Amino acid sequence: MGKITGFLEIDRRDRKYKPVPERLKSYQEFVIPLGEEGTREQAARCMDCGIPYCHNGCPVNNQIPDWNDLVYRGDWLKALKNLHSTNNFPEFTGRICPAPCEASCTLNLPDTPVTIKTIECAIVDKGWAEGWITPQVNPVKTGKSVAVIGSGPAGMACAQQLARAGHDVHLYEKAQQIGGLMRYGIPNFKLDKTVIDRRVGQMEAEGVVLHTGVHVGKDVTIEELTAKYDAVALAGGAEKPRDLPIPGRELQGIHFAMDFLSQQNKRVTEEPLNNITPILAGGKHVVVIGGGDTGSDCIGTSNRQGALSVTQIEIMPAPPEKENKLLTWPNWPMKMRTSSSQEEGVARDFAVATVRFEGENGQVKELHCARADEKFQPIPGTEFVLKADLVLLAMGFLGPVQDGMVKDSGVELDKRGNVFADTFQYKTSKEKIFSCGDMRRGQSLVVWAIREGRQCARSIDQHLMGKTDLPR
Ligand SMILES: Cc1cc2nc3c(=O)[nH]c(=O)nc-3n(C[C@H](O)[C@H](O)[C@H](O)COP(=O)(O)OP(=O)(O)OC[C@H]3O[C@@H](n4cnc5c(N)ncnc54)[C@H](O)[C@@H]3O)c2cc1C
Ligand code: SF4
């Protein structure tokens, strides 16, 4: 372990953000790294617990105390190797993971967890800066081929693992660029897209063949792919957004969050918008409906576009300011959290039921609301009105789009409408077809998608070769 008394001597210190007025001027990342010495000092706080709960708190089971110790001792290269042994893309999680590992850290009992995510990010950023991260090309080819459909974190991890096992891997993506929701949902100010690009470069050098702009189910059928390849992995995400069918929904100015966010991400990276009507928040009163990550990204983007006001409403009651550690630890607690985007300026309200939209000349102008009871119904006499020139629906996703690829493949679905496959074999009900990520588990997190992609690759390798050396 690092410094035996480190946790007693050193205070928790995390990365800071650039000041709000400065960061609102651009779509650039605004997190300020701790620097090499600062990171080593924080790594020294790890207690190397007898039972390190962070191992299980982290969905990819990162071996956190091991790399904390290596960072403390200054052996960054070994730390990077260890980190990569469980996580293909620590630079994604080191930026946008909510860090359930830190909730399960023993030092979270007194509210001072090790800054695990910050240390993870520092290790991999140093790895890239030093040129230590290079393609891992397998010189031995198996002669087997796999199509991976969907290039979010699940499809990327699955494809990379399979290429490293020596298979001929083809990654199909309907969008113009690789990355899934990390590319088109999560804004650049949280994850700069060059961070995805350099990983994609590594994957191509390892032999992954990219087929972007190919919509499976439209441009090519799933039958053609299953005939052509020895195995197929469905990693198409959970793209069906939850709608809000209240009176006035047909008015102009009410949009799904992803339509708004993907446009801005394309503007930033100068990807053509192809004649779609722009959705912009500048000079408008914006209402964001939904309190999760997607809602936060809408707030940050609206503020950068120059919104007059941003209001975020949530139907659930406000969570407690502080969790009861004895009941929740080492699990992820429900508690009030303020994201960096919320910190930049928003009026937040909880337990709000939406009643109807009102408009003028076909354009939304107001959202009529009421306080919600415990059954999420409006309480009579509590009605109020919000100014709303632009409404962004960020109420989550209902599962994969079924028309097209999923229906055509004939795979069984689970009760929630996700593609059915277990978490051991990731096999669907159809021979040769596997599934992972949000398409299988429903709306989730990048780190879970990476885990599923890796484990699905292992199962496919086992299926093709009768044995596998890929880790679970
Ligand atoms: C706005 C937003 C913000 C988020 N913020 C965070 C965050 O901060 N931290 C976090 O951990 N998670 C966050 N998430 C969740 C996270 O992005 C997802 O859980 C994760 O990306 C799922 O990965 P995936 O690979 O399963 O699917 P996706 O990332 O959804 O990728 C699926 C890909 O498949 C492609 N595809 C689908 N069907 C086809 C087809 N028929 N043919 C070809 N291609 C197809 C899609 O175009 C897409 O590129 C956020 C989600 C959203 C929407
Ligand atoms: S991937 Fe997420 S949960 Fe795992 S160590 Fe990194 S920040 Fe923590």
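D389 is buried in this predicted model, where buried means under 20% relative accessible area, exposed over 50%, and partly exposed in between (1.4 Å probe, protein chains only); the value for D389 is 16%. Its salt-bridge partner is K365, with the closest N and O atoms 3.6 Å apart; a salt bridge is a side-chain nitrogen of Lys or Arg within 4 Å of a carboxyl oxygen of Asp or Glu. The pair links distant parts of the chain, 24 residues apart: D389 lies in the loop between strand 14 (384-387) and strand 15 (390-393), and K365 in strand 13 (residues 363-371). Helices (H or I, at least four residues) and strands (E, at least two) are DSSP runs, numbered from the N terminus. K365 itself is partly exposed, with a relative accessible area of 32%. Salt bridges that share partners also join D111, K322, E323, K325 and K335 into one network.

Residues are numbered from 1 along each chain as its sequence is written, while chains are lettered from A and ligands numbered from 1 in the order in which they are written. Because the model is predicted, local features need pLDDT of at least 70 and side-chain atom pairs count only at pLDDT 80 or more, whereas totals for chains, interfaces and linings use all residues; side-chain values use heavy atoms, with hydrogens and water left out.

Side chains of opposite charge can pair when their charged atoms come close. The count of salt bridges in this model comes to 29. One of them joins the side chains of E29 and R95, at 3.0 Å from N to O. R95 counts as buried, at 18% relative accessibility, while E29 is partly exposed at 25% and D125 is partly exposed at 26%.

Turning to ligand 2, its shell holds 13 residues, of which C58, N62, C97, C101 and E120 are the closest; a residue belongs here if one of its heavy atoms lies within 4 Å of the molecule. Helix 8 (100-103) and helix 9 (116-129) each supply at least two residues of this shell, and helix 9 gives the most, with 3 residues.

M316 sits in the loop between strand 10 (309-313) and helix 16 (325-328) and is partly exposed, at 39% relative accessibility. K387, found in strand 14, is exposed, with a relative accessible area of 58%. Its C-alpha atom is separated by 42 Å from that of L234, 153 residues away along the chain.
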